[in-house]
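Morning, everyone. Please bring up the sequence and the model on your screens, and we'll walk through a few places together.

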Amino acid sequence: MSASGAIPAPPGEGAKGANGATETKERFDAAGRRVLLVCVAGGFTTLIDQSVLNTSIPALRESLHAQPAHLQWIVAGYSLAFGLALIPGGRLGDVRGRKWFFVGGLALFTVVSLLSATATEPWVLVASRLLQGAGAGLVNSQMIGTLQDVFQGQLRARALGMYAVTGGLAFTLGPPVGGAVLAAVGPEHGWRLTFLLNVPFGLATVWLAARHLPRPRPSTRNADLDLVGLLLVGALTLALMLPFVQPPGWAGWLGFAAAAVLLLGALAWWQRRFARAGGHPLIHPALTRSAPYALGTVVAMAQFGSSLAAGLVLTMFLQDGLGLSPIGAALVALPSAVAMGFASALAWRVVRRFGRRTVTAGMTGSALTMLTGGLVAMWAPTGSLPWLLALLQLLGGASIGLMGASNQAFVLRHAPAEAAGVSGAILQMAQRIAAAVSVSALSGVYLRATGGGGGHRAAFAWASGVCAAVAALAVLASVLAGRATAREEAARAAVPGNGGDAGDARAAEPVREGSRTSG
């Protein structure tokens, strides 16, 4: 049985060699390809939903006579429920097995998509979006754990890379898909069709998952559920994300901030108490003690938040400032998705040669393209500006493709096997929170700058500069993560007899790779 107790023999991996070490393959075998197909299909189906819907908001507002409060919850409620479901879903998958949580979450998402498409009242669509988000969070919390269970070594890095680029492609391809649907059938029925598109893809993926995902074999270790920890994490997630879903006044902001601090303290106290009582806390102690895991999560947060915010501000600038149509704006952003896909496919080869420097270099490239975009917007002629921004999108997409999946793989290598689901869920939840904060703050920066008389070009330059500063923080965190990884490996090597068994060797292998070329 695998270390997580999920599957007896991971597909796509070799068997034990004569020296007891795991011999990994360079290519996915047939079983591994099927598992990877299921995870990529599930990720794409649940993640493209949000970006497609953004294009349909004006149409559904007119159709349902929705108020601004309804629209806020229709758009942001999905992300809120998604984030709330991640850590409980990850922990349940770690303890009970992942297959049927994946199937159940995707089935819920698919059925509720049909409800969303037939909604005749705004509150029905709000409720269905919350249920869709919960289903999507449950699905995505199983995916990273499944990929960690099934694959090892370079195959794991490549599988995680494919999952990561799926999310990027979904967010980028959503607007042109939504625009094309609205153009083809009209706004009245077009927004409903964007929801109906989920149904055939969801049903097909449910069938594939039931057929090809590894059998659930609940873990016999760490099988106790930390229910208090789950409740505290849920409350903390609400305190962090709810202000950005339904922005309060200043008193509300202070209240939510105080609640978040208190809940974080209560969670830390409870986790220590639960562990002293002999239980297995929700957040594995190895995660809280690992500086590379924490710093790598900061890199992921800064990258995800700055990228989504930069994409939103770019879309606003292209449509409001340059007068492009939604499809025209989407075409300017499309090179980012193409470059991201190619770079992610090659990233694992670059990582083999340069280790964690790949992450630092990719994040540096992303920061520079954001900064350059702001400067270009200030000085370039209007006629050539969309072409120049499209070129920068190409370079920025290549940078993110190079580092996004690589950083994710480096972060998750520091997670113990029995916490594979929770470690991935924490990473995803941190990115969701970063996205909520960044999108809210950066759209505010852009709108205030346009209202201040500087015009759309100046507003875009200011917002791009802020995005570049956030990306620069990710560069610094990546350098520190590389150094922390090197220190951990040096400490591990100094312990006599460490790395004697195959499991330890497998855990140490990626760290050696990172420390050899860190920072």
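At what angle do helix 3 and helix 6 pack? First, some ground rules. This is a predicted model, where local features need pLDDT of at least 70, side-chain atom pairs count only at pLDDT 80 or more, and totals for chains, interfaces and linings use all residues. Residues are numbered from 1 along each chain as its sequence is written, and side-chain values use heavy atoms, with hydrogens and water left out.

Now the answer. Helix 3, residues 99–117, and helix 6, residues 187–196, pack at about 175 degrees, and their axes are 8 Å apart. Helices here are DSSP runs of H or I, at least four residues, numbered from the N terminus. Axes are lines fitted to C-alpha atoms over the stretch in contact, and angles run from 0 to 180 degrees between N-to-C directions. Over 145 degrees counts as roughly antiparallel. So helix 3 and helix 6 are roughly antiparallel to each other.

Who makes the contact, meaning heavy atoms within 4.5 Å? Helix 3 brings S113, L114, S116 and A117; helix 6 brings W191, R192, F195 and L196. That divides into 5 nonpolar, 2 polar and 1 charged. In this scheme Ala, Val, Leu, Ile, Met, Phe, Trp, Tyr, Cys and Pro are nonpolar, Asp, Glu, Lys and Arg are charged, and the others, Gly among them, are polar.

Next, salt bridges. How many does the structure hold? There are 4. The term means a side-chain nitrogen of Lys or Arg within 4 Å of a carboxyl oxygen of Asp or Glu.

Take R129 and D49. Their side chains meet at 2.4 Å, N to O. R129 is in helix 4, residues 122–150, and D49 is in helix 1, residues 30–64; the two are 80 residues apart. Both R129 and D49 are buried, that is, under 20% relative accessible area with a 1.4 Å probe, protein chains only.

Now look at R98. It bridges to D94 at 2.8 Å, N to O, and to D149 at 2.7 Å, N to O. R98 sits in the loop between helix 2 (68–96) and helix 3, and D149 in helix 4, so this pair ties together parts 51 residues apart in sequence. D94, R98 and D149 form a linked network of salt bridges. R98 and D94 are buried. R98 and D149 are buried too.

Last stop: L412, in helix 14, residues 385–412. At 1% relative accessibility, L412 counts as buried. Beyond its neighbours within four places in sequence, L412 contacts I144, Q148, L160, S423, G424 and L427. L160 is 252 residues from L412 in sequence, yet 9.6 Å away in space, C-alpha to C-alpha.

Definitions and conventions: Angles under 35 degrees count as roughly parallel, over 145 as roughly antiparallel, 65 to 115 as roughly perpendicular and the rest as oblique. Contact means heavy atoms within 4.5 Å. Buried means under 20% relative accessible area, exposed over 50%, partly exposed in between (1.4 Å probe, protein chains only).
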